[in-house]
Amino acid sequence: MTTTPSQTIRLTTAQAVIKYLSAQYSLADGVRRRLVPAALGIFGHGNVAGLGQALDELADDMPFIQGRHEQYLAHISTAYAKASRRQAVLAVTASIGPGALNLVTAAGLATVNRVPLLLLPGDTYATRHQGPVLQQLEHPTEADATVNDAFRPVSRFFDRINRPEQLLTALPQAMRVLTSPTDTGAVVISLPQDVQSHAYDFPAEFFEPRDWKIRRPLPDLEEVDDVARLIRSAERPVIIAGGGIHYSDAHAALEALAGQVGIPVVETFGGKGAVTKDEWWQVGGVGLEGNFASNTLVKQADLVLSVGTRLTDFATGSQSIFENPDVRFASLNIVDADTRKQGATGILADARLGLEALARALEGHSTAESWQETVHSEKAKWAPIRSQWLDADTAYRPEDHPDAPVTGAVLTQPQLIGLMQEHARSGDTIIAAAGGPPGDLQKVWDATGNRNCHLEFGFSCMGYEIAAGMGVRLAEGNNDNRVVTFIGDGTFLMAPTEILTAAQEGLNVTVVVSENHGYQVIHRLQMNRMGREFGNEFRYRTTGGSVAVDDAPKARLDGDYLKVDLRQIAEGLGALAIRATTAAEVREALASTRDTQGPVVIVVPTVPHVDLPGGDVWWDVAPAEVSGQEWVRSLRSDYEKAKSRQRWFG
């Protein structure tokens, strides 16, 4: 029934928020769906009587998922939105003080990655009758400051609701940002504890269903012609595909252009899997953790067309990968600032529509046969290297890696990836975010054939991964499609608690843990830039003076590896947990648990310090400019020489 402007409905602020969110829909390419289909949260005194009561009363309209840590609940929402191609998001609520601040990291992750995230943190009292309340920040000179102001620099939209009627403008603005391809990121509606329970006579029409169209900006044909001319004049063009390909559903358009014109396509972390077909021009990951073939081609390129990417330093090798002195740049992006990076000739448009327009403008054009032969050749050189590293049936030989610690592990991390690649089917998704796993997947994972690779590397946030598996599973309703989170033991020990939430919700997610005894990717960087290990491996402190005794000699963390039973931890949190040591055991663990109801954790010991070969790309991480350690001075000298490869573009 359509309401008239004079009709009102009396609701609390919290009830109005939930009722409004329940009636919002996204509309993309004619597909209509709930924009906010559910909420997650943890209750405290700052939200239990307000949002908690509203979620209870309106539970039929807004289902609620209980969690263990606010940050990871927000990561579930971010991964859900990413897997939903930014067309839906889960709301997340937290109490005031530390509960709210636990969401700040997740807000930063969503905003950096341009993924919608809706946060509803409680805030301290607006009325102030109570004096300073529990967990309130008393700022000496800014009386209206609360800890929730920490959200401002990491959010795309922030509003504090000090009166119920402010929702009439705040909530529509929040929905606009959540559904804007250019402006999206973390949206924070800060809700003071007392105001959540205050009532107001809201216009009834405010709660009628509303559609929010996710727009596709059309390309300017003059800009398309400018970029097409650059491609026609280029002898060695390369396309760098980013996450915008996924959000625009531009895979087919990208593949059509690359095949038609004969341009090799390389992928950023966010763009991993942008090409779904195994074609000669599909080359794989680029940049610091890219493969030899991709990086060699980009170094030779005289034209780089970036599509839907921010071009961070991992992709550009801190601006050192573009070695051709005559290289030029073009860009297709929905964000104006990104069309201008590298001094590029830009097309400001939706990725799919822009690629389709470029294909029309380039009809009849093809790259030279010599460049295509180069692409074939570089792929052929890389293929056996990749296969050799992923081969789990060739026994690991300790004598080939004399510096690797002896731990009893018989598989390397690359071999573990090879086993997961062997198991992966079309429709499956593998997830990684920080440490060694995302870099290794970027380098060697074959995401063609819809063996999806969900990488969060804009913020490189440890703790995203297990939660992200749950978010992807909630977005991917087909349990025949497996969702696998791939992490190291460092990430597992940082954030295992949402495994219990997965068990509570009966979510079919699999976590594969590479147990290599530490933060090994940073250990590798540390050895390359500092010269010796310090504080990155999981070791006992050797006997000697306590760190708490001022005058005693201090023992270091250089004893034996910590004895931790990761399988038992996972089992205690409600997962079916398996420890698999050999290739045969890993195969059996993956095969036997594919259809298991609820979370599965497979712990695999891997040999520390045995890494995939580098991508022959430099990264600007500077050793100390002065040091009393001679080896640090040597590393600094090497750094200064390598730094000369950096160039400035536009």
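**Briefing on the predicted model**

In the protein chain, 76% of the contacts with a separation of 6 or more are between residues 24 or more positions apart. The model is predicted. Its protein chain contains 23 helices and 23 strands. The radius of gyration is 26 Å, close to the 26 Å that the globule rule gives for 650 residues, so the chain is as compact as a globular protein of that length.

**Extent and surface**

- Taken along the principal axes, the box filled by the C-alpha atoms of the protein chain is roughly 75 × 75 × 55 Å.
- Of the 650 residues in the protein chain, 56% are buried.
- The protein chain exposes about 26400 Å², and carbon and sulfur atoms supply 50% of that area.

**Charge**

- The protein chain carries 59 positive and 78 negative side chains.
- The centres of these two sets lie 2 Å apart.

- Strand S7 spans residues 117-123 and is mostly covered, with seven of its seven residues buried.
- Leu117, Leu119, Pro121 and Asp123 point one way from S7, while Leu118, Leu120 and Gly122 point the other way. Residues on both sides are buried.
- S7 pairs with strand S6 (residues 91-94) in the parallel sense, over four bridges. In this pairing, Ala94 stands opposite Pro121 of S7.
- S7 also runs parallel to strand S9 (residues 186-192), and five bridges join the two. Here Leu117 stands opposite Ala186 in S9.

Key:
Residues are numbered from 1 along each chain as its sequence is written. This is a predicted model: local features need pLDDT of at least 70, side-chain atom pairs count only at pLDDT 80 or more; totals for chains, interfaces and linings use all residues. Side-chain values use heavy atoms; hydrogens and water are left out. The radius of gyration is taken over C-alpha atoms; the globule rule is 2.2 Å times the number of residues to the power 0.38. Buried means under 20% relative accessible area, exposed over 50%, partly exposed in between (1.4 Å probe, protein chains only). Contact means heavy atoms within 4.5 Å. Accessible areas come from the Shrake-Rupley method with a 1.4 Å probe; for residues, only the protein chains shown count as cover. Lys and Arg count as positive and Asp and Glu as negative; His and the chain ends are not counted. The place of a charge is taken as NZ of Lys, CZ of Arg, CG of Asp or CD of Glu. Two strands pair if DSSP finds at least two bridges between them.
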